[in-house]
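Me: Could you go through this one with me, starting with the strands and then moving on to the helices?

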Amino acid sequence: MTYSVKTLEDLRWFLAHTQGFRGGQITDVHLSKRRIFDERSGQDVLAGSTATVVVRYSVQDICRVAKLTMQGVSDLCIFEQDGADCSLLGMIQAEINEGKLRFWFDPQGELYMVCDEALLEEVSFPQSDADRHGAVGQWTFQAHSGEAPTVCWLLEELDRAGSPCFWKASGPGGVTNGTRICEGQLVATADENRGPTAAVEVQMYGPIDGAGFGMRMRLIHRGSRPGGRLLNLVAEVVMQSFSGTCLTGEGAFPQEEWADRRA
């Protein structure tokens, strides 16, 4: 899901939807500056600053990872001292004044941003016991629209890609927050000459927060190279057929950016 925040109404929606990131955690802060060459002065001049904050938070039984990209940053403060940790959030505050958005991520203003506009990109998925213990899905995809693909479709696409697999269901599925869930394992067809069999856990679910279907995968054996290759192949197969937002580790970004990082 993506949402642009420019007006007061946008800001009200943002605060209501995120609940001010109450109880969330900042996992990444990034600042970039763009410069262009000024022919008059013969020097590079600042053409704009962009700040990105990634927040992981929960609403009821739904886990969300939000990427807030702030364009036209004119003022900011990122300050930690004497062991302070601004990454743990209570509830952020935000306002719009004279066309500028202001975000206070902590009460002391040690993490503070002023910008022209902001873009919220977010991936949502059902929370599990593994999430509550700190485990993060290796790869998660949230489609902008449409229904979740069937297991048969996925197996056929993997077969066409030269990596035949079979499906090992974890159970008949369940319902979380009214969302039908299909869970199981994708296991590559065994080949004794290729070493350990590649396998990944897969969970597919219906719309959350009004977006399209979601899909998340985890490596069954952490650090497994065959499993990692299979995970990447499944990701490519899904993204070739559907438009959406990806989450890998703690970073959410569009699928074309994910492809660039893999290149």
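Reply: Strands β7 (residues 100–104) and β8 (residues 111–115) run antiparallel and are joined by four bridges, where strands are DSSP runs of E with at least two residues, helices are runs of H or I with at least four, and both are numbered from the N terminus. Two strands pair if DSSP finds at least two bridges between them. This is a predicted model, in which local features need pLDDT of at least 70, side-chain atom pairs count only at pLDDT 80 or more, and totals for chains, interfaces and linings use all residues. Residues are numbered from 1 along each chain as its sequence is written, and side-chain values use heavy atoms, leaving out hydrogens and water.

Me: ok, and which residue in β8 is the bridge partner of Leu101?

Reply: The partner of Leu101 is Cys115.

Me: What's the order of the strands in the open sheet?

Reply: The four strands follow the order β5-β8-β7-β6, with antiparallel pairing. β5 (75–78) and β6 (93–97) each have a single partner strand, so one side of each has no neighbour in the sheet.

Me: Switching to helices, at what angle do α3 and α4 pack?

Reply: Helix α3 (residues 151–160) and helix α4 (residues 225–241) pack at about 110°, with axes 10 Å apart; axes are lines fitted to C-alpha atoms, for helices over the stretch in contact, and angles run from 0 to 180 degrees between N-to-C directions. The two helices are therefore roughly perpendicular, a label for angles of 65 to 115 degrees, while under 35 is roughly parallel, over 145 roughly antiparallel and the rest oblique.
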